[in-house]
Structure formats: C-alpha cells, structure tokens
Number of protein chains: 2
Amino acid sequence: MYAFGSRGNTGPNFNLLLLIISQLGLHTVEGVWPLPQALASSAERYSLNPQAFDFAYGKRSAAQQGCSVLDAAFKRYFTLIFQDYTSANDVLQLSEDKPFTVEVSVDHDDCESYPKEDSSEKYNMRVSAGQALLNAETVWGAVRGLETFSQLVYQDDSGSYFVNKTEIDDFPRFQFRGILLDTSRHYLPVQAILKTLDAMAYSKFNVLHWHIVDDPSFPYQSYTFPDLSSKGAFHPVTHIYTQSEVRRVISFARLWGIRVLPEFDSPGHTKSWGKGQSNLLTPCYRGGTPSGGDEVDFSCWRSNPTVRSFMQKMRFGVDFTKLQAFYMENIVNITSALNKTSVVWQDVFDYHKRRSSLSVVEVWREGCYLCEVRKVTKAGLRVILASPWYLDQAGPKHNWARYYSVWPLAFKGSEEQKKLVIGGEVCMWGEYVDATNLAPRLWPRASAAAERLWSDEKQTSSVAKAFPRLQDFRCMLLRRGIQAEPLTIGHCQHEYLGV
Amino acid sequence: MYAFGSRGNTGPNFNLLLLIISQLGLHTVEGVWPLPQALASSAERYSLNPQAFDFAYGKRSAAQQGCSVLDAAFKRYFTLIFQDYTSANDVLQLSEDKPFTVEVSVDHDDCESYPKEDSSEKYNMRVSAGQALLNAETVWGAVRGLETFSQLVYQDDSGSYFVNKTEIDDFPRFQFRGILLDTSRHYLPVQAILKTLDAMAYSKFNVLHWHIVDDPSFPYQSYTFPDLSSKGAFHPVTHIYTQSEVRRVISFARLWGIRVLPEFDSPGHTKSWGKGQSNLLTPCYRGGTPSGGDEVDFSCWRSNPTVRSFMQKMRFGVDFTKLQAFYMENIVNITSALNKTSVVWQDVFDYHKRRSSLSVVEVWREGCYLCEVRKVTKAGLRVILASPWYLDQAGPKHNWARYYSVWPLAFKGSEEQKKLVIGGEVCMWGEYVDATNLAPRLWPRASAAAERLWSDEKQTSSVAKAFPRLQDFRCMLLRRGIQAEPLTIGHCQHEYLGV
C-alpha cells in the first residue's frame, strides 16, 4: 500500500489538474466509468507498446502464476487494451519503446473460489514511469482495478497507446450491484448471457440475478425432474439451459468476479412448472371442479377444499397471508439449511408477520420506494433496491439520466438503517426483450445505474458532468463490441459494425 | 395470365378453406406478410427438394436469362427459401423427389432500368404440382411475387420443404411505401443500410428516403465541393459516404426494386453545410454583427441587412414566408429541369402561396394529420403520409398495433382526392438511433406499416387477426438474420444468435 491523500483533500487538487489537462487538450482520467472514489492524475504520460507490455504478479502477492482468475484477466485485458494490435503489426513496430508492466498484488489467494456476498472489491493503483502497481485484498478487487487500468489507456491520432501518471484509491459504495435477466418470458441464448457478463464487468456490476423460470417457460434442465424443462420449456431441446450450460455461465461469471444469483420464483409465477410436474400447482375450483390457475390468487386458494382443510388444521382461520407466510418460511428455511441467503421480493415482507425469519428484501414497486426501504431497514432487514431501475421500459422518459438521478439513501433513518441498503439492481424483464434488443436496451443505461451503485454520490450528482463521460464510455463499449445505443446526436470513432 | 376469381368472390371461399386447414393443423397462406390482395390455397401440398428445385424464365417472358434483377433475385431467394440447405446435404438426400420449377414471366424487359414512381408491382401466381407460374408486368412485380413465394414455403418437423396449392393475385394499395433513414444525426455504416434494404424488400417497401445530410453532419462526399464532407462530416474519412458507396446503395436497392430518394434538406437543417462552404448560410446579426445560426428563423433573416435589402428589391415587404417560398420555388424548378419530382415537407405547403408549383407534399406533423391530407389533396397535390409512422419513438405506447391501426384515406374528400394519397413513409430519425439499435427499432414495427400500405384495408383491419401473422413474420425475419424485436412473450424456432 502506498500513501494516498484523503478523499477530502484530493478534490480541489484534482479539479485544478483537470483544468490544466483540458487546457492542454490531453486525455484525462475522468474517462473512467464508474468514477473511482479517489483519483489524481497528471499530464505526464507514458507510451505503451504492446510488444513491451506485460502483466505480472507482485513478489509478495498471495496469488501467483496459475491463478485462474488473474491469468484469464491478464489475457482479456491485453486484448481489450490493445484492440488494434495483431502480431502482424510486429514487423512494423520499432522496439525502442520502454517496457511497461502492470504488477498485481493481492492479499488473499482466492483464485479458485467464487465471489461472495461480502468479498472485498477494493483496490488501489499507482501508474508511474514503466509500471502500474495494482494492489487489492482479493482477486476480485484486482479484476476491478484491471478494468480501471484498461480505461486509463488511450490512443493518440497516430494510434500510439498512452497512459497518464495516475493514482487511484477505489472501492464500491454498495456491495450488491446486480442485473436481472429474465430467461422465461423469452429464451436468451447462452452467448447473449455471456456477452452481457462481459459488459457487466466493464461497468463493475457484480451480480447476475438469473430469473431463470417463470410462468411462460421453464428452460432450466433438472436431472432429478427432467420433465420440468422437457414439458415446460418453449422447446425441450433448443430452448433450455443444460446443466453444463448453467455451469458455463457460472464459471464465466466467476472469472469476472460476478456472482450468479439464481431465482426460482414461487409460489406465484409457476405456471410452467405445472406442465412437467403434475399435482404441483394448486388447482382452483369453480362450482366444485378444478378450473386451472396458479398465481398467488387467494380466491383460488379459498376455492380449493384441500387448502381450506389445511388452513383449518393450522388454525390460520381465513387469513391466507398466514398460509403464504408459512410457505415462504419453509422455503427460507430450506435455503438457510444449504447455507445460502434468501432474497425475497418486497411483497413477502409486506404480508409477512415474523419478519425476523427474512434476511434480504428486494424493493421493486413504483411510487415511494424509499418509504419501503425505510420500513424494511427499520425492521432490521437488508435491502436491494430495484424500483428505479426497471430498464425493460423504453421511451424518451426512460433515458439514462433518469437512472442516474437516483439517491438510494435519501430517506430518514439511522446510520444503521442506511448500512442495511446493500445495493441495487437493474431489472431487464423479458416481456418485450430477447437477444435482438437486449444489449441496446441495457447499455449504456445500465451503466448509469452502475455508477450510482459504485461511485461516491457527491462526486457524481451532476447529470451534466456525467454526460460527456458516459458518452466516452459508450464509445468504449462499442469498441469492445457491445451494442450500446446512442445517448444523443453524435458519433464514436469506432461505430458498431456488427450487422 | 390465368383466369382468377374477383376479390369479392374469393373472400368467403378462402375463409372456409382456412377453417378446414386450421382444423387439419396444416400450414396456411395467411403467413404471407403483407397480406396479398387476393389469395386462395388448399391443403394439397407439394414437397420441394433443393436439388430438384429451379427458377426459370417463361418462354414468352420479355426478360430472359441475363436479366440482372431476376438473375440476382433467383439466387437470393434460393438461399432464403432453403436456409438449411448446404451442398453438404447432397450426400444424404435421396433424389426421388419430383422437380419443381418457379417459372417467371414479365411483360416488359426492364431488367437494367431503375424502378420508377409509377412502375407496376402487380403480379399473379399459381402454385400447382411441379411448378409455380409467376406473371408480372415488370421485373419489380416479379421480385414482389418471388418474396411472396418464399413466404409460402415451409418446413415440417423433419425439415422437409413444402408449398401448398395456392393462387394469388396481388398489387400494392399505395404506390409509395417508404422508409426514411437519417444518416446525419448518426452515421449509419453502409452495411447497416444494405441490411435495411434486405429487410425492406421482405416487407415489400419500395422507397428508401435517404435523409443523408442535416445540421449535425454532412456525410455525402461531393466531387465538386469536397469540403462539404471533409469539413462537415463527423469524420472526413470514416464517417462519409463516398460516391462509390452511394452508387453501391442505389444499385443494391435497385435489385430489390427499391428507389433511393435522396434528401438534401434546405433552407433549414443546413448547419453542417456551412462548415465546408463559407458564405453559404445566412449570418444572423446581433447588435450589428453576425452571430451565427442557420435554421429557418425569420428573426435571423430579419436581422441580416443583405436579406432585408433583397426583400425590398423583390417587394416582399416584411413577409418572410414570401422569401422562403421564392427560395423553394427556385429549388423545385431546378429539380424539375432535371426531370425529377420534388417532395416537400408539409411546412412548405403551409406557407406557400403559389401551390401549383409544388407536386408532392409529405405530411409529418402530429395532431389531425388527416386534416392536412385533406387540405393538400384539395389543392390537387399528391400526399405522402408520415405523421403516424414516426418509428424513432419507442416505449409501450409505440407498439406495432399503433402503426397498424392507421387509416390513410379516412378523411372527407372526393375519389380524386383519395387517389392523390400516393402512400406513406416510416420515419426513423436519428437522434437516438444508429446501427446499434436501428434494426430492432424498425422491425417488425415497420412491417405493420408495410401491410397497411400494401394490403386491402378491409382484409387487414383487425389487430387481433394480424397479431399471430406478424409474429410468424417476425420469426421469419429472425431466420433471415434480421434483428427484429419481439412483439410479446414467446419464442421463435430460430432465435437471433448474432451476438
């Protein structure tokens, strides 16, 4: 660790530097998205030559060569940084450039593990002549730092690569920064999911909330209950996720430091489950005979004689929320027994009496969502905020600025309560979204949410200041092959060509 | 030409047939989009084997082998029809299938010409055992018929190809069926334009309205005034259309029977022109000195002493609309001298006093657009309707049904007036659209407009009936590699994989 000014101190100096830099017309570190917590850079710059550029492990690093996460990250970021570079260039290059090494050191050898709820993503970096020193507690922090480094590198008009003298001290504001993908309303090919994971890493998201099944289809292939997908998926072969595909998504996400949070929503949203599993859904009755249905529709439960007699036995009276809470508590207990944390949608919190059995509540309803956040945190439960980030919606009112101007902690509450807000999530529900429009609908609008969730709020409260930075970031996404839609009139040096 | 029942007669029989067919669970010709004017099909079907399938010219056809338009169409449609077929399949195929020939005959040898304002696109087709006879007045009509034929072919579960016995008599309701692409607010790579032309042909659009330059950039490369693009484009090399690229777009469009209607909008929307051409724009004055600006802003014209003295000389008084009309009349005269028809935006019609000098007016404003259509046609001018088809807008209210439920002739007016409505146009303005989101924003919503412009209104007035047909058509677009977004929850056999 190297000495670094406090965040309060770096502000003014940094502004001065920026002023100088912009007068010289030079590249600035402002380009990093989401904005690091603290950074300082100068106009001093170092040329990078792909042939004399290397990633290396620090001598004291707990992780060394063979570390799957970092070995893979080194390869990826070499390609991402030197997009123009092919070995064919070798002949033309003069090798008089000085070598440059990015030296990565981590405190823990968590190379073969999976990122966890509380994994540190903190890192610091000092870029100076000939080297960048990147330090992190975990490999996940190092991956975040490598992303930042890749965004510091730029090309001049002749195509030469440069990086400015820079110091960065960075960590996420919120621990949980997720994107929900819905693969039930439309099937997303695995390639589309992997590509989304790439783009997520570029914005430092760390959770893929995989809403894998729902009413319309059950694409998850189970070994134990194969009929669930063979009868419940849109197509039993082409529109399912095999076990090996699911494993592939999880492994791929791991290398980017992204957790995969699977969701098998119940007891509602289970219409497709019934196709492959008879007697699973509650039959509703009309005039004494079953009439179908499966949503959490209390009138359905009321119509079912078996449900009614169970209610009686449990002494629930006619309060069906008690039955639903009973069900949910069983599910949460099963999850706990597997040493996993359950996340429940806010509805469960709202009807649940014994709230202490819950742990994390995802707030999703429109309206005064901060009222709900306040209520949930007051009950001592953790919150994931989704309401302001339903990005499946399109149209002029749903532009990036709307998703940027969100203040998750702007509710009356104690410090303890605020700490219980563990993060937020972009929801991309699938009613009108599949692989044809997923990427332009997500990017760069989701990146606006990403900065809100990662960066210091005071430094990133201005839409006007963020705008040119997000435009640059969007151009970088195009350069990396992400089909990110435009924010306004204009152009990028490298337009999207993948048609 | 073969005998064919009138449209009035085929209706009921056809409905009966459909009933029978849907009971048998067989493929129906309902799948053709936009719906042909008259069609009848039966459950009798013929198997098609790619190895024993051929396109041929009828003996009496005015066009024969070597006809560039049809030779190219035959090649394309073979690939589009037999998407699965590769020569590698040859080994496995049994060649016991009967041969099938699509025999195309046209009245005129217009093979090397360009489609014109009044080119016929009429065709008829009879599909029977071993052959399909396709007749048209022009090669453009034949191309439309080939599209229809390609949509009649389907595969069964084992992958075999079939076509049902079918008779079709078809022609467009409106002559002008356009899509406007805006390449100034964002540059669209040529590939994106060509891909759009492909998709346009699938929906039987016949005009590409190329809004090539505007305020933000001037990508058109002129030999005479090279500075216009070298100084006015976003980038002088990567963000321009060279002469050869423009020619490529026009030739490519021609092969699909699509006209390219270029637009160099003026006198407003010309900010980018001024960058490469000094003294072209009217300088506005503030306190006696020029202050920039270029829009048709009368306060700007009023501020300019040169403009004021010209007004005096022309005896226009202080009525600047007279000046604008004078300008427009000059432009229209230049166009006429080149033997071309001018299209003006409705504003010009609104301020123009001598309306007889105008010929085609494009109605684009929101509100009571049919009032404007009525007014323009009453003045004896032709109309292109764009108002209801501004597809650059997104969001739940701007779904396909909105663009389908448009009745261009539902205004009070004489038969003569109605005939003056020559068609309509989908406008894809570029503020928020570039190659990253062009395709999903156009398709399949533009196809809804396409059916309104091609098909009989009475047969296509129901959104509910159109819905499943458009869903099928959208799946076909995916199969052909067009990134058409979903209409609702569901799936296609072949999802979009191009990520």
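Colleague: What makes Arg441(A) and Glu485(B) a salt bridge?

Modeller: Keep in mind that this is a predicted model. The distance from N to O between the side chains of Arg441(A) and Glu485(B) is 3.6 Å. The rule asks for a side-chain nitrogen of Lys or Arg within 4 Å of a carboxyl oxygen of Asp or Glu, so the pair qualifies. Across the interface of chain B and chain A, the rule finds four salt bridges.

Colleague: And how many residue pairs are in polar contact across that interface?

Modeller: There are 21 of them between chain B and chain A, with both residues at pLDDT 80 or more. On the side of chain B that touches chain A, the elements giving two or more residues are α4 (190–202), α15 (438–442) and α17 (463–479) of chain B. Of these, α4(B) gives the most, with three residues. Sorted by kind, the residues on that side of chain B come to 19 nonpolar, eleven polar and eight charged.

Colleague: How much area is buried between chain B and chain A?

Modeller: About 3,100 Å², and carbon and sulfur atoms give 61% of that. The contact takes 38 residues from chain A and 38 residues from chain B.

Colleague: How do you know that the copies meet through the same surface?

Modeller: You check which residues take part: 100% of the interface residues of chain B are also interface residues in chain A, so the two copies use the same surface.

Colleague: Let's turn to the rings. Why are Phe55(B) and Phe74(B) called stacked?

Modeller: A search of the whole structure finds 61 aromatic pairs over all chains. The ring centres of Phe55(B) and Phe74(B) are 5.0 Å apart, and a pair needs centres within 6.5 Å, so they count as a pair. Their planes stand at 10°, and planes under 30 degrees apart count as stacked, so that is the label they get. Phe55(B) sits in strand β2 (residues 53–57) of chain B and Phe74(B) in helix α2 (residues 68–81) of chain B, so the pair ties together parts 19 residues apart in sequence.

Colleague: What makes Glu117(A) and Arg382(A) a salt bridge?

Modeller: Their closest N and O atoms are 3.2 Å apart. The cut-off is 4 Å, so this pair passes. The pair links distant parts of the chain, 265 residues apart: Glu117(A) is in the loop between β3 (100–106) and β4 (123–128) of chain A, while Arg382(A) is in strand β15 (residues 382–385) of chain A. Over all chains, the count by this rule comes to 36 salt bridges.

Colleague: Which value goes with the cis peptide bond that joins Trp33(A) and Pro34(A)?

Modeller: Omega, which is about -5° there. Pro34(A) lies in the loop between α1 (7–24) and β1 (38–48) of chain A. The peptide bond from Trp443(B) to Pro444(B) is cis too, with omega near 0°. Pro444(B) is found in the loop between α15 and α16 (445–454) of chain B.

Colleague: What is the phi of His269(A)?

Modeller: About 60°, a positive phi, although His269(A) is not a glycine. His269(A) lies in the loop between β10 (259–264) and α7 (271–276) of chain A.

Notes: Residues numbered from 1 in each chain as written. Chains lettered and ligands numbered in written order. Predicted model: local features only at pLDDT ≥ 70, side-chain atom pairs only at ≥ 80, totals over all residues. Heavy atoms only, no water. Contact = heavy atoms within 4.5 Å. Buried area = accessible area lost by both parts, 1.4 Å probe. Polar contact = N/O pair within 3.5 Å; in protein donor to acceptor, adjacent residues only side chain to side chain. Helix = DSSP H or I, 4+ residues; strand = E, 2+ residues; numbered from the N terminus. Nonpolar A, V, L, I, M, F, W, Y, C, P; charged D, E, K, R; others polar. Phe/Tyr/Trp six-rings, centres within 6.5 Å; stacked < 30°, edge-to-face > 60°.
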